[in-house]
Amino acid sequence: MVPVSDNASILPRLRLETQPYHEALEQNAFNQALSAGNVTPQATEFFLSKLYGFLKPYEAALDAYPFPAEWEVATRHRAHLIAQDLPAVADLPLCPDMPPLRTWPQLLGAMYVLEGSTLGGQVITRQLAKSGISTRTYFTGYAERTGSMWKQFCGLLTAAATHPDDQAEIVHSAVVTFQKLHAWIEQPY
Ligand code: HEM
């Protein structure tokens, strides 16, 4: 028997099942200050330093896996953008409690979260401006390619998630990635 697969449903399912975690992240102190228009340069730098500490080990895990070329994994690296915003990134602590990033579904779930995070960049840049803070390179993300990079990622993910077991593992990994990222962002140094 051919296994039943419903690969078209992975994106709506990811969106729906991770929505509470996205909302929780938007309630984070930095994001609250962002929407209130009273964020400080120090808080912005703290947030960026935390993202750096998560992106570095995440990107190392992506690099350790033989992704087909069309995923453009090297192009999707963004930790080096933070290096343009912050001095001495090499001294920043890295997240010690990363989600498991060994299997293909684990990597795809994490990638959904971190690729999706490029979509908020324009909103964040506008909000930073309200607090008088100039654009940080990191939040410009893929700049004018942001929409097309996301669209391409969604297409590849949908095509890759053909098996229901893989879909469950991808969604689980996305949830765990949101949780670990959030815990790391909240934790003071
Ligand atoms: C590190 C923190 C964040 C992560 C990991 C994250 C992650 C994501 C993900 C995975 C998506 C894709 C949802 C989909 O499937 O379409 C998304 C979309 C989006 N996020 Fe975030 N996000 C973060 C912070 C923020 C913040 C602070 C804002 C607002 C200021 C924001 C605004 C948005 C917007 C506007 C979209 C696009 C919604 C759409 O076009 O349908 N995000 N984000």
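Before anything else, I'm noting the angle rule: under 35 degrees counts as roughly parallel, over 145 as roughly antiparallel, 65 to 115 as roughly perpendicular, and the rest as oblique. I'm also keeping in mind that this is a predicted model.

Entry one, α5 and α9. I looked up helix α9 (residues 164–186) and found that α5 packs on it at an angle of about 50°, with the axes 7 Å apart. The two are therefore oblique to each other. The crossing is right-handed. On the α5 side I listed the contact residues, including Pro-105, Leu-108, Tyr-112 and Val-113, and on the α9 side Ile-170, Ala-174, Phe-178 and Leu-181 are among them. Sorting this contact by class, I get ten nonpolar, five polar and two charged residues.

Entry two, α5 and α8. Here I checked helix α8 (residues 146–160): its axis and that of α5 come within 11 Å and cross at roughly 160°. α5 and α8 are therefore roughly antiparallel to each other. This crossing is left-handed. Leu-108, Tyr-112 and Glu-115 of α5 meet Trp-150, Phe-153, Leu-157 and Ala-160 of α8. By class I noted six nonpolar, no polar and one charged residues.

Which residues are closest to the ligand? Of the 16 that surround it, they are Arg-15, Gly-116, Ser-117, Leu-119 and Gly-120. I see that α1 (10–26), α5 (104–116) and α6 (121–130) each give two or more residues to the shell. α1 gives the most, with six. The shell has nine nonpolar, five polar and two charged residues.

Definitions and conventions: Residues numbered from 1 in each chain as written. Predicted model: local features only at pLDDT ≥ 70, side-chain atom pairs only at ≥ 80, totals over all residues. Near = placed C-beta within 6 Å. Helix = DSSP H or I, 4+ residues; strand = E, 2+ residues; numbered from the N terminus. Nonpolar A, V, L, I, M, F, W, Y, C, P; charged D, E, K, R; others polar. Axes fitted to C-alpha atoms, helices over the stretch in contact; angles between N-to-C directions. Left-handed = near helix turned anticlockwise from the far one by under 90°. Contact = placed C-beta atoms within 7 Å.
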